[in-house]
Amino acid sequence: QVQLVESGGGLVQPGGSLRLSCAASGNIFRINDMGWYRQAPGKQRELVAVISSGGRTNYVDSVKGRFTISRDNAKNTVYLQMNSLKPEDTAVYYCHAVAAIISSTLMKAYWGQGTQVTVSP
């Protein structure tokens, strides 16, 4: 199996910055896309940003120009740099990865446990 462990969430004032990290571990054979989703209270989980193994990125419109996703393939880690944070960015942020384990070539989706980001004065 593959485990995803997030870190870096917390409380920040509007206009502030946070950096989320997510490290993948386990019997990893290959990781394709890695990304970040978020879920605010009473709302559906939404894709925030995704990055392919080759570095191609995609963002939801509401975070373009403020958030940057990156990854370190050698460390199986994905990052989300969040700048100019707004109260509407408040949510639980989940790491997501599509990966295959050593004993199988089948790609599966994995989720982290989530980390809370709160943007408030």
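Modeller: Gladly! This is a predicted model. Let us begin with two strands: E1 (residues 2–7) runs antiparallel to E3, and six bridges join them.

Colleague: Which residue is the bridge partner of Val5 in E3?

Modeller: Strands E1 and E3 are joined by bridges, and we can look at one of these pairs. Across from Val5, the bridge partner in E3 is Ala23.

Colleague: How many bridges join E3 to strand E8?

Modeller: E3 also pairs with E8 (residues 77–82), and these two run antiparallel. In one of the pairings, Arg19 stands opposite Gln81 of E8. The number of bridges that join E3 to E8 is six.

Colleague: How many disulfides does a search of the whole structure find?

Modeller: A disulfide is a covalent bond between the sulfur atoms of two cysteines. Here Cys22 is joined to Cys95, with an S to S distance of 2.0 Å. Since the cut-off for a disulfide is within 2.5 Å, this pair qualifies. For the whole structure, the search finds one.

Colleague: How many residues apart are Cys22 and Cys95?

Modeller: The disulfide joins Cys22 to Cys95. The pair links distant parts of the chain, with Cys22 in strand E3 (residues 18–26) and Cys95 in strand E9 (residues 91–101).

Colleague: Is the link of Cys22 and Cys95 left-handed or right-handed?

Modeller: For this we look at the angle about the S-S bond, which is -85°. With that value, the link of Cys22 and Cys95 is left-handed.

Colleague: Is Cys95 buried or exposed?

Modeller: Buried means under 20% relative accessible area. Because Cys95 has a relative accessibility of 0%, Cys95 counts as buried.

Colleague: Where does Asn76 lie?

Modeller: Asn76 is worth a look, with a positive phi of about 50° although it is not a glycine. At 25% relative accessibility, Asn76 counts as partly exposed. As for its place in the chain, Asn76 lies in the loop between strand E7 (67–72) and E8.

Colleague: What is the relative accessible area of Ser84?

Modeller: Ser84 lies in the loop between E8 and E9. Ser84 is not a glycine, yet its phi is positive, near 50°. Ser84 is partly exposed, with a relative accessible area of 41%.

Technical notes: Residues are numbered from 1 along each chain as its sequence is written. This is a predicted model: local features need pLDDT of at least 70, side-chain atom pairs count only at pLDDT 80 or more; totals for chains, interfaces and linings use all residues. Side-chain values use heavy atoms; hydrogens and water are left out. Helices (H or I, at least four residues) and strands (E, at least two) are DSSP runs, numbered from the N terminus. Buried means under 20% relative accessible area, exposed over 50%, partly exposed in between (1.4 Å probe, protein chains only). Two strands pair if DSSP finds at least two bridges between them.
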